[in-house]
Amino acid sequence: MSSYDVLSELLDPASTVLLTVECQQGVVGPDAALPELAREARESGVLDRVARLVDAAHESGVQVIHAVAERRPDGRGANRNARLFRAAERLPVQQLTDTAAVRVAPPIKVAEGDLVVRRLHGLSPIQGTDVDPLLRNMGCRTLVVTGVSANVAIPNTVFDAVNRGYTAVVPSDAVAGVPADYTPAMIRHTLALVATVATTHEVLARLRGTARSGPGLRPG
């Protein structure tokens with residue numbers, strides 16, 4: 001079976017959700033808290049590819065959820081039980097609620113029908129957030145995972161999705177981490193064991209095919 005046929009079975013718009021993970025100004029924008037990760041996401045084209053996938057999802061009727069990590073100015077409720085969290089408290093850019101840092105970063109467009117789910121704790125956009133009940137209420141069976149970082153949040157997302165019974169699809173060139181060569185290795189040796197790995201081009205081909213055949217929808 002070809003990759004297009006596999007994706008055709010998985011990416012039914014009625015049961016597919018596209019998730020962007022931490023594609024926010026304070027993480028992948030020009031003045032981000034982690035400049036190396038932000039540069040990799042932008043200069044590699046990952047952020048542009050996520051934007052293209054979001055546009056195609058909008059056109060084909062696939063639900064989009066944007067998962068945003070943030071913290072209160074007083075830090076109440078935030079984790080402090082790992083080195084990563086303690087280091088984040090000292091970064092010059094903080095992902096503070098109601099600031100530009102927690103807005104979805106251009107060129108990704110947030111449509112009126114998109115859902116934005118914010119979390120104040122943890123490493124995963126699924127564990128302990130509204131994402132799982134929202135997916136179930138919308139009849140999701142396949143979750144397309146994009147964004148950052150391949151080091152922590154992306155594998156957390158994929159494992160949490162699979163553990164909850166969803167089929168995960170990972171467009172391998174719409175995910176970024178540091179260093180750059182870590183991402184393909186992590187996908188090949190870890191995520192490929194539990195998720196369907198594709199390219200942005202392959203996912204777009206499926207979504208655009210859906211858009212062409214759907215009533216009132218325009219091709220990407």
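Visitor: Which residue forms a salt bridge with Glu-89, and how far apart are the closest N and O atoms?
Guide: In this predicted model, the partner of Glu-89 is Arg-71. Glu-89 lies in helix H5 and Arg-71 in the loop between E2 and H5, so the pair ties together parts that are 18 residues apart in sequence. The salt bridge joins Glu-89 to Arg-71, and their closest N and O atoms are apart by 4.0 Å.

Visitor: Is Arg-71 buried or exposed?
Guide: A residue counts as buried when its relative accessible area is under 20%. Glu-89, with a relative accessible area of 31%, is partly exposed. Arg-71 has 16% relative accessibility and therefore counts as buried.

Visitor: How many residues apart are Glu-22 and Arg-119, whose pair links distant parts of the chain?
Guide: The side chains of Glu-22 and Arg-119 meet in a salt bridge, with N to O at 2.9 Å, and both of these residues are buried. Glu-22 sits in the loop between strand E1 and H2, while Arg-119 belongs to strand E3, and the separation between them is 97 residues.

Visitor: What is the nearest side chain of opposite charge to Arg-206?
Guide: Arg-206 is found in helix H9, and a polar atom of its side chain lies 3.5 Å from the backbone oxygen of Leu-11. Although Arg-206 is buried, it has no salt bridge. A salt bridge would need a nitrogen and a carboxyl oxygen within 4 Å, and at 5.6 Å away the nearest side chain of opposite charge is that of Asp-12.

Visitor: Which element gives the most to the largest nonpolar core?
Guide: The largest nonpolar core has 31 residues, and those touching the most other members include Leu-18, Val-28, Val-50 and Val-169. Helices H1, H2, H3, H4 and H9 and strand E4 each supply at least two residues of this core. With eight residues, the element that gives the most is H4.

Visitor: How many residues are in the second, separate core?
Guide: In soluble globular proteins, nonpolar side chains tend to be buried together. Val-169, one of the residues of the largest core that touch the most other members, has among its contacts Leu-7, Val-144 and Val-203. The second core is separate and includes Val-17, Val-21, Ala-150 and Leu-191, and its size in residues is 25.

Visitor: Within what arc do the buried residues of H3 fall?
Guide: The buried residues in H3 are Leu-37, Ala-38 and Ala-41. They line one face of the helix, because, seen down the axis of H3, they fall within an arc of 100°.

Visitor: What do the buried residues of H3 pack against?
Guide: Leu-37, Ala-38 and Ala-41 are buried in H3, and just after this helix Gly-45 takes a positive phi of about 90°. The partners against which the buried residues of H3 pack are H2, H4, E4 and strand E6.

Note on methods: Residues numbered from 1 in each chain as written. Predicted model: local features only at pLDDT ≥ 70, side-chain atom pairs only at ≥ 80, totals over all residues. Heavy atoms only, no water. Core = buried A, V, L, I, M, F, W, Y, C linked by side-chain atoms within 4.5 Å. Buried < 20%, exposed > 50% of the residue type's maximum accessible area, 1.4 Å probe, protein only. Helix = DSSP H or I, 4+ residues; strand = E, 2+ residues; numbered from the N terminus. Contact = heavy atoms within 4.5 Å. Arc of directions from axis to C-beta. Lys, Arg positive; Asp, Glu negative; His and termini not counted. Polar contact = N/O pair within 3.5 Å; in protein donor to acceptor, adjacent residues only side chain to side chain. Lists of a residue's contacts leave out its neighbours within four places in sequence.
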